[in-house]
Each structure stands twice: as structure tokens, then as C-alpha cells.
Amino acid sequence: MALLTFERRVSVPVDARTAFAWHTRPGAFERLAPPWQDVRVVERKGTIYDGDRTTLELHLGPLRRRWIAVHEGFREDRLFVDRQERGPFAEWRHEHRFHARGASAELEDAIAFRLPLGAPGRVLGRRYAFQQLDRLFAFRHRRIHHDLERHAMTDTKLRIAISGSSGLIGSALAAFLSTGGHEVIRLVRSGMGGDGSVSWDPAAGVVDVEALDGVDAVVHLAGEPIGRRWTESRKREILRSREEGTRALSTAIASLSHPPRVLVSASAVGIYGSRGDEILTEDSSHGDDFLATVCEAWEAGTRPAAEAGIRVVNLRLGVVLEALLPRLLLPFRLGLGGRIGSGRHWLSWISLDDATAAFHQALIDERLRGPVNATSPSPVTNAEMTKTLGRVLRRPTVFPVPTAAVSALYGEMGRATVLTSQRVLPQRLHATGFGFAYADLEAALRHTLGR
């Protein structure tokens, strides 16, 4: 039976050698894996050189399937191939071709594949297979274009230590930086590390200081998650993890013989409190609720580093779409979505790709110092968010959620996160000329959901 073929091309703003090198580095697969696919790397040997292999685990609803890909056909700066040795297809061969176009390049994905189940599989699955390949490679090509564009902003390669590198933002940032040629050192809890990691114990305030000596930059993302119902003991842990962990790390790097040039520490727009329709910038006053108190302590924990002459950036993150969507998708896909309360409260959001780019900007741009809002320049009301998500998913949004229900289900946490109103603008990022890949909510949702 004849093989099916799929081809897609994208132009990138770097030469073929640079684009090819991006694919040889750790993190390339993670950058190309779309958020709607539940896939995990089980085992990896090498990257894309002949004989290298990757074992993936695909979650297809309740089913799990292994995909073993073997690399072959390696030609420096021109071609590499991954071939399915075992997996969901009857046959699969993917050629990654690189075409020089002067100072830029064109990347071509050429896939020859055979669907399982013979003739019935071809008849029943052909259309679906091509739809999913279109969806996948549209996402991949957008992301690689934006990543290569960001990396082209600087030739300097840094040694960067990251705490919280296993979280949503941390894992995306580590992969982004690695593919750009930076050396990433993961700060991990004692006994959980491996090659390329440094031990620390944020609860005890202990950091392996010697292992950090000579790093160029530190990114601090670690902290207790806030997305579960708060008890008094949980609130104390949320505050302690940010206040004490940040201070311990800042004090440690301030004591180094060769301290880093920059510390980029996460914070959040929660520092402003709930402010209705008021437009908020980095110069706005702070709120007085629990999250505002946490954020103030979080940022204050970086003072030892700043006092030692290290450039400190407190990146005040908005709600990251990829963290929010898992809570919304099921009811919205079932047609049960709707605004919360009046829907007039503001949501300051940011896509994961733009959040990653904002950390990169803070690392390389000497003009950034102190508080920096990392939010889309287009905040939306809850009603606008609801309407837009419904349009992207092609579902009605006619079932409003009473505010009393949020309070009953989630208590103070729900009121402080779901019902708060923050209309935040990224004034200082904008002043650097930072370009958002997804400033518009609908474009961001379509990218993230592959719609």
C-alpha cells in the first residue's frame, strides 16, 4: 500500500547553520511539543545524530502508547531524519530539511507514513491524520520562528541557574534557553538532582554556594503553588516559601566571589490587589490583601542581591494562559462555560511563550531593573475572556457562575484569584521595544489550543 506524504515549510530569520544547531541541543523536542498533546519523554539517548534515539509515552485518553524514534541520515546543517521503530503508525519517516536562503533559511518537514489497520485505517483515518499534522506543524513553525527570532537578539551565551525548573514556566524556560545555546543549571532539592543540577533546600535556607560561583545569571521561580483552597497553615507555607526561599538564594549569590550579573525573580500582579477598572503600571501602589503581602515579601527577599550590586528584576507575572486553561476547558467544551458574576472584573494574562520571552528579555537587557510587569498589553474582562474562549472552541457560553459559588467552592483563594480585578499594563517591557508574539487573546488561545 502506498505511503501517505505530508510536507510543510517555514522561513526563519537566521541562517541554516543556526537553525540546524537549535535542533541539536537539549530542549528542542520540548519546545516543539504542543500543549494539547499529552506526551512524555521516557528515555533519551543523544539528540539528532545517527543512532540517537528517543522513547516517548503518548497518552491517548485512557490509553498509553510508546513511540520509539531512531535518528539517521544526519548531514550537518542540511538534514536529519527520525524513523519510527515502534509506535502508533504502521510506518513513519520524518525528514527535517534545511535550505540556505542567504542570511535566512527555510525549514522543510517532509513526512512519509502509513496508518495502522491497513486499508480500513487509511480510509477512516486519512483525513484526521492530515488535520492533526497541519495543526501540529503550524504550532511548531510558529514557535521555532519566534524562538529563533528571540535568540538572534544576542550572541552572548550565559550560564544560568534556575530554581523551580520543573514547573510550567521553569521547564519551558529551561528548554528555551538550552536550545539558544545557553548552559542551564537546575537548582533542585537535595537528593533529586543529576548532571547539570545544583542542590538547595529552600525550607532550610541551604544552598550549594560553591556550585553557583561563576554563573552569569540566576532565575528564581520556586514557590509553593497557590491554586488550592487556603487554610491558615497553607497561607503560612505560601508566604514562607517565597519570603525565606528568595532571601536564602539572594543571600547566597550575594556572598559569591564571582556573583551573577543578574537575578530575575518571579513575582506577580497580585501585588496590586483588586482595583476595579484602574489601569495599573509598575509605579502603581500596592494592595493590602494576602497575595499583595506575599508579593511584597517575595520582592523584598531579593534585597541582599541588589545591595551586593547584582542587577535584580522582579518580574510581575500575570495569569499564564497555559496554567489557567486546564481548569476551563472541560466545562467550556461541554458547552457549560459562562462568565463569572457580572464578568466586569479584569484579567491580566500572558501566553507561556511571551512569559518565557519576558524572562529572556530581563536576562539580557541591562535597562530592566526592579519591578517589571509581564502581562499582555491587552488585558480583558472576564466576560471578554469567556466570549473569546467560546468562539475559539465553537461552544456557547450561556451559563454564568455566581460569585457566591466561587466563594463556596474555593473560599478566600477563589475570591483573591478568580474574582479579583487587575487591569495591568507592561509599561517597562514596552519601553524596551519588547515584541509580544501573542498580544491578542484570541490569537494566543488559537496558538495554545491549536485551533
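I looked up F139 and found it buried, with a relative accessible area of 1%. Buried means under 20% relative accessible area, exposed over 50%, and partly exposed in between (1.4 Å probe, protein chains only).

I noted the ground rules next. The model is predicted, so I kept in mind that local features need pLDDT of at least 70, that side-chain atom pairs count only at pLDDT 80 or more, and that totals for chains, interfaces and linings use all residues. Residues are numbered from 1 along each chain as its sequence is written, and side-chain values use heavy atoms, with hydrogens and water left out.

**Aromatic pairs**

I found 16 aromatic pairs in the structure. Rings of Phe, Tyr and Trp (its six-membered ring) pair if their centres lie within 6.5 Å; planes under 30 degrees apart are stacked, over 60 edge-to-face, the rest tilted.

I checked F6 and F137. Their pair is tilted, at 5.6 Å centre to centre and 35° between the planes. The pair links distant parts of the chain: F6 is in strand 1 (residues 4-12) and F137 in helix 3, 131 residues apart. Helices (H or I, at least four residues) and strands (E, at least two) are DSSP runs, numbered from the N terminus. F6 is buried at 6% relative accessible area. F137 is buried at 1%.

I then turned to W36 and F139. Their ring centres are 5.5 Å apart and their planes at 80°, so I list the pair as edge-to-face. W36 lies in the loop between helix 2 (28-32) and strand 2 (39-45), F139 in helix 3, 103 residues apart. W36 counts as partly exposed, at 21% relative accessibility.

I also logged one aromatic cluster, formed by F6, W67, F89, W92, F113, F130 and F137.

**Charges over rings**

I looked for charges over rings (NZ of Lys or CZ of Arg within 6 Å of the ring centre and within 35 degrees of the ring normal). K235 lies over the face of F290, 5.0 Å from the ring centre. The charged end of R242 sits over the ring of W298, 4.7 Å from its centre.

**Cavity**

I found one cavity of 30 Å³ or more. A cavity is a set of points on a 1 Å grid over the protein atoms alone where a 1.4 Å probe fits but cannot get out; lining residues have an atom within 4 Å of a point. The largest cavity holds about 100 Å³ of space. Its lining includes H23, L32, F137 and R140. Helix 3 gives the largest share of that lining, four residues.

How values were computed. On a 1 Å grid over the protein atoms alone, a cavity is a set of points where a 1.4 Å probe fits but cannot get out, and a pocket is an open set with protein on both sides within 12 Å along at least five of seven lines; lining residues have an atom within 4 Å of a point. Grid points are joined across faces, edges and corners, and a volume is the space filled by probe spheres set on the points.
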